[in-house]
Amino acid sequence: MKQFSKTISAFIISNDEQIIHHNLEKLSSLESINEIHIVSSLPADQLPGYEKIITTEFILSSESIKKIIGACTSDFLLLILGNNKIDVNEKTIQRFLETADKKEAGIIYSDFYEKKDDQTLQHPLIDYQPGSIRDDFEFGSIILFDNNFLSNFHLSENNFRFAGFYDLRLYVSRNSSVVHIPEFLYTSEKPESKESGEKQFDYVDPKNRDLQIEMELAATDHLKKIEAHIQPIIHSVDFSGETFSCEASVIIPVKNRGKTILDAISSVLNQKANFSFNIIVIDNHSTDSTTNILKEISQKEKQVIHIIPDSKNLEIGGCWNEGIVHSSCGRFAVQLDSDDLYSNENTLQKIIDKFYEEKCAMVIGSYKLVNFNMEEIPPGVIDHKEWTDANGHNNALRINGLGAPRAFYTPVIRKIKFPDISYGEDYAVALEISRKYRIGRIYEPVYLCRRWEGNTDAGLTIERQNENNRFKDLLRTKEIVERQKINSLNNTKTSE
C-alpha cells in the first residue's frame, strides 16, 4: 500500500458520550491520524482525560465549524459526523488520501456498511452534482476535507446555529470538486431512525422552523454566489386567452387501485362549486377491478371521462399528459391521486378561487396524512409554510417537494408537459413554473393523503431512495443551469 506524507486532523462531532468514546478509541489506533479533537456541547467534565475538546452550544454552527478549521494543523480535516459508531482502519484512510491525491478534491466521501439489528448491510451513496444542494444530502459518517480549500471560510459573515456545516460544504463545492468513492470503506452502526416515508417530512415540522430558516438563508446565499438566484416573478397570468369546455378538470392517473378509486372519484363528485368541472381518469391498463369500476361509473356520471391510453408503457407523467391534452380538459387541471381524497366539498372552489385571486399559473394546497380508515397519522398536516412569495422559487431548489394538491393553468402545463416518469414528475414541472410564473399557496389542508399497504412512498430501500434523490438532484442541476442562463442574459442586456 502506498503511504502518503499528508497529515490528518480528525474531529469527532457528537453529543453522545458513548459514541465519542467508541469513535475516539477507533481513531486512536490509526497511525495516519495526527491528532484527534472532540467537538461537543457536553460539558468538559463529562469528557475527562481528553485534551483537545472544542466545547460549543451548537455542534454544527458556524462558530463550531470555524473553530474546527482554526484548530486543524494538518493537510486534511477528517470529520466524524453524527451519532454513529464507526469501524475504520488504515486502508480506509489511505484510500481517502489516495483519492485526494488523484482528484484534488475539496470533499471526499465513500459508501459504507451499515450495521443495524444484528445485520451488516451495504449502504451505497450517490455522486454529488451541482444540483445536490438539498441540505439532507447524505455523505455518510466520515468526510475528508482538503484544508487548502478551507482557509477563507473563516471570513464568512454567516453566523448560523444549525446550518454551519451545510454552509461549509456549499462553500467548498463552489471552490473545488466533491468526490464520491463508490466503495464500502468503513462500517457505521446507526441508532434507530425514522422510516424514509416519515423522515422526508422533517423539514415541514414546526419545531424545526428555525433550522429551516437558516438552511434557506445558506442555500439562497449559495445560489447568489453561483449566479443561479432569480428575482420573484411579478407578472400576472391572463386567463381569458382561450376557450374551454369547462372551468376545471380533476386529473386522476390510476393503475390497479380498485380499493380506492371510487372513493377518490366520489370526493370530486361531491364538490360544490360555482363553475363547471369534470373528472378525467387515465386508466393505465389496470389488471384488477379498476377498469370495470371506471366503466360503470363513467356510464352513470357524465362528468367522469374514462381514458385508456393507446400506449401501455406510460408512467404517471405520461398519464398526466394524456389528461391535459384531452379536448375535454378544462381551463385548470387539478391533481387527485387515485388513493387520496379531497378533504371537504369546498376544495375545488378554493383552488380555482386562488388562481383568480393571485393571477398565478400554479396553485399548491396543503394536505393531511391519514391511514386507510381516514384517521390522522404523524406528522399530520403538511402545509409547506416554508414557502414565501419573495423566495419560494429559490428555496424550491433546496427542498424535495412543494406540496399537494397541485393545480395548473392548462395552457401553461400543456406547453411544459410532464416528464414521463413516476417519481419527481410533479417537482420537475413545479421548478420550471416557479422560474417563469407565480405560484399560489393554500395553507389549510384541502386534501387527505392516505397511507396504506398499497402505497410505495414509505419504507423505501436505500437503493430506491438513492435513485429518487439522484433524479431530483439532476432536475436541480438542470434548473440551476437554466437560471444561470437567465442571469447571464440579463447581465448582458444591462451592460449593453
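Contact here means heavy atoms within 4.5 Å. All views show a predicted model.

View 1. Alanine 396 lies in the loop between H11 and E17. With a relative accessibility of 0%, alanine 396 counts as buried, because the cut-off for buried is under 20%. Which residues touch alanine 396, leaving aside its neighbours within four places in sequence? They are Leu402, Tyr427 and Leu431.

View 2. Proline 405 sits in the loop between helix H11 (392-395) and strand E17 (406-409). The peptide bond that leads from alanine 404 to proline 405 is cis. Its omega is near 0 degrees. Most peptide bonds are trans.

**View 3. The cis bond between two prolines.** Proline 378 and proline 379 are joined by a cis peptide bond. Omega is about 5 degrees here. Proline 379 belongs to strand E16, which covers residues 376-382.

**View 4. Strand E11, buried on both faces.** Strand E11 spans residues 277-283. Seven of its seven residues are buried, so E11 is largely enclosed by the rest of the structure. In a regular strand the side chains alternate between the two faces of the sheet. Which residues cover each side of E11? Phe277, Ile279, Val281 and Asp283 lie on one side. Asn278, Ile280 and Ile282 lie on the other. Residues on both sides are buried.

**View 5. E10 beside E11.** Strand E10 (residues 248-254) runs parallel to E11, and seven bridges join the two.

**View 6. E11 beside E12.** How many bridges link E11 with strand E12 (residues 304-307)? There are four, and the strands pair in the parallel sense. Isoleucine 280 has isoleucine 305 of E12 as its bridge partner. From E11 the chain crosses through helix H8 (residues 290-300) to E12. This β-α-β crossover is right-handed.

**View 7. Glutamate 296 on helix H8.** Glutamate 296 is found in helix H8. Is glutamate 296 buried or partly exposed? Its relative accessible area is 45%, so glutamate 296 is partly exposed. Histidine 306 is ten residues away in sequence. The C-alpha atoms of glutamate 296 and histidine 306 are 9.8 Å apart.

**View 8. Helix H2 against helix H4.** H2 (residues 62-71) and H4 (residues 164-175) pack with their axes 7 Å apart. The angle is about 55 degrees, so the two helices are oblique to each other. Ser62, Ile65 and Ile69 come from H2. They meet Gly164, Phe165 and Leu168 of H4. The contact of H2 with H4 has four nonpolar residues, two polar residues and no charged residues.

**View 9. Helix H4 against helix H6.** The axes of H4 and helix H6 (residues 209-225) come within 10 Å. They cross at roughly 10 degrees, so H4 and H6 are roughly parallel. On the H4 side the contact holds Tyr166, Asp167, Leu170, Ser173 and Arg174. On the H6 side it holds Met215, Ala218, Ala219, His222 and Lys225. By class, the contact of H4 with H6 divides into five nonpolar, two polar and three charged residues.

**View 10. Positive phi at glutamate 104.** Glutamate 104 is not a glycine, yet its phi is positive, at about 50 degrees. Most residues other than glycine have a negative phi. Where is glutamate 104? This residue lies in the loop between helix H3 (90-103) and strand E6 (107-116). Its relative accessibility is 61%, so glutamate 104 counts as exposed.

**View 11. Positive phi at aspartate 118.** Aspartate 118 is found in the loop between E6 and strand E7 (119-123). Its phi is positive, at about 65 degrees, although aspartate 118 is not a glycine. Aspartate 118 has a relative accessible area of 80% and is exposed.

Notes: Residues are numbered from 1 along each chain as its sequence is written. This is a predicted model: local features need pLDDT of at least 70, side-chain atom pairs count only at pLDDT 80 or more; totals for chains, interfaces and linings use all residues. Side-chain values use heavy atoms; hydrogens and water are left out. Axes are lines fitted to C-alpha atoms, for helices over the stretch in contact, and angles run from 0 to 180 degrees between N-to-C directions. Angles under 35 degrees count as roughly parallel, over 145 as roughly antiparallel, 65 to 115 as roughly perpendicular and the rest as oblique. Ala, Val, Leu, Ile, Met, Phe, Trp, Tyr, Cys and Pro count as nonpolar, Asp, Glu, Lys and Arg as charged, and the others, Gly among them, as polar. Buried means under 20% relative accessible area, exposed over 50%, partly exposed in between (1.4 Å probe, protein chains only). Two strands pair if DSSP finds at least two bridges between them. A crossover is right-handed if, with the strands pointing away from the viewer, the path from the first strand over the helix to the second runs clockwise.
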